[in-house]
There are 2 protein chains.
Amino acid sequence: MSADALVLATRNEGKLRELARILDHQVIGLDAFPDAPDVPETGATFEANALLKARAIAASTGLPAVADDSGLCVDALNGMPGVLSARWAGQHGADQANLDLVLAQVADVPDARLGARFVCAAALVVPAGGQAREWVVTGQVVGRLIRVPRGTGGFGYDPIFQPNGFDLTTAEMTPEAKDAISHRGRAFRALAPFIHLIGSLS
Amino acid sequence: MSADALVLATRNEGKLRELARILDHQVIGLDAFPDAPDVPETGATFEANALLKARAIAASTGLPAVADDSGLCVDALNGMPGVLSARWAGQHGADQANLDLVLAQVADVPDARLGARFVCAAALVVPAGGQAREWVVTGQVVGRLIRVPRGTGGFGYDPIFQPNGFDLTTAEMTPEAKDAISHRGRAFRALAPFIHLIGSLS
């Protein structure tokens, strides 16, 4: 592996390609490291969870590692589902059940209080003997919930989230248009300069 | 009806008796007013919902009215279910489903972050021509969630809530013991002095 190899804490090929593009850097997915740990997301914040994952992968692989954690924060739910976005209905990754539950929970909430935002924290951990170097940044996209899902792109809560200034949900946008404004796009673009510093650090 | 008649915004006989005891005052339930409106709880806070209900009942009956709103606030859920406690799983009043959902949502949350509290807001509205007089007070009981429900008393989230300083859940306490420390007991005891002022106001 090259001196500036970077491990990305995902096994998802699509996400890997997308993030390689945003970061403008060659990345290696977790599939290349079968012994890498599955890190439980027990942190109270997106930042804590992204750091937990990036630290574990950096420690396990000995290579610089990038991880992210993200979710939907609904004003009328005091910012939840938040870090519990992927398991809001009780089981991990049940996208449709999670979305249905949020809509049911806000059913009596007046339209004026349907504000929401997607938030993403992205962490970079560079192992360096006893003292790892760490960076964590966040990106967000502010908008509101709609009550009737629209669109088939994206995943998770995309069909019920309409960013401010757009008539489309993030599930109705092209991947490129979504990247340009999305919480994940913003967080990873903010992380890119630090990644490009790694070479000079190691 | 006597000059100091007081309407309580509930159709539940048990709650009516309990609150009459706490308030040390004769109260009339909503069953005596078949035309009293069903007030949707659209407020963002317990206080707002209690006031919404008390105002509507006072306006509809022309009598002093008391209403409350209460719920469970879980630290790891940013204070939710909160005002959505009764409909957390999506349908109103599905106690078991609500409780099961909260337990599933905190399944990966470390024990140290299972802090929670029950909060109750109680409102008194005295109609007086154009300008009603209004009071709203809150009571709370602080404790933590347990992961395995215990007890058959109470209702709602009682089987998974253990108040600080007790080894019992609120579902394991006698009604009297629960009254003495509960959010609802505390709120209504705080409201009682204002209710006893009504006679001198009208």
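B:D108 and A:R87 are joined by a salt bridge, their closest N and O atoms lying 3.0 Å apart; the term denotes a side-chain nitrogen of Lys or Arg within 4 Å of a carboxyl oxygen of Asp or Glu. The rule finds 2 salt bridges across the interface of chain A and chain B. On the side of chain A that touches chain B, the residues comprise 10 nonpolar, 6 polar and 3 charged, where Ala, Val, Leu, Ile, Met, Phe, Trp, Tyr, Cys and Pro count as nonpolar, Asp, Glu, Lys and Arg as charged, and the others, Gly among them, as polar.

This is a predicted model, in which local features need pLDDT of at least 70, side-chain atom pairs count only at pLDDT 80 or more, and totals for chains, interfaces and linings use all residues. Residues are numbered from 1 along each chain as its sequence is written, chains are lettered from A in the order in which they are written, and side-chain values use heavy atoms, with hydrogens and water left out.

The contact (heavy atoms within 4.5 Å) draws 19 residues from chain A and 19 residues from chain B.

Within chain A, helix α3 (residues 95-105) has A:N98, A:L99, A:L101, A:V102, A:L103 and A:Q105 buried, meaning under 20% relative accessible area with a 1.4 Å probe, protein chains only. Helices (H or I, at least four residues) and strands (E, at least two) are DSSP runs, numbered from the N terminus. The cover over these buried residues includes β3 (65-74) and β5 (133-145) of chain A, together with α3 (95-105) of chain B.

Strand β3(A) is largely enclosed by the rest of the structure, because 10 of its 10 residues are buried.

Notes:
Buried < 20%, exposed > 50% of the residue type's maximum accessible area, 1.4 Å probe, protein only.
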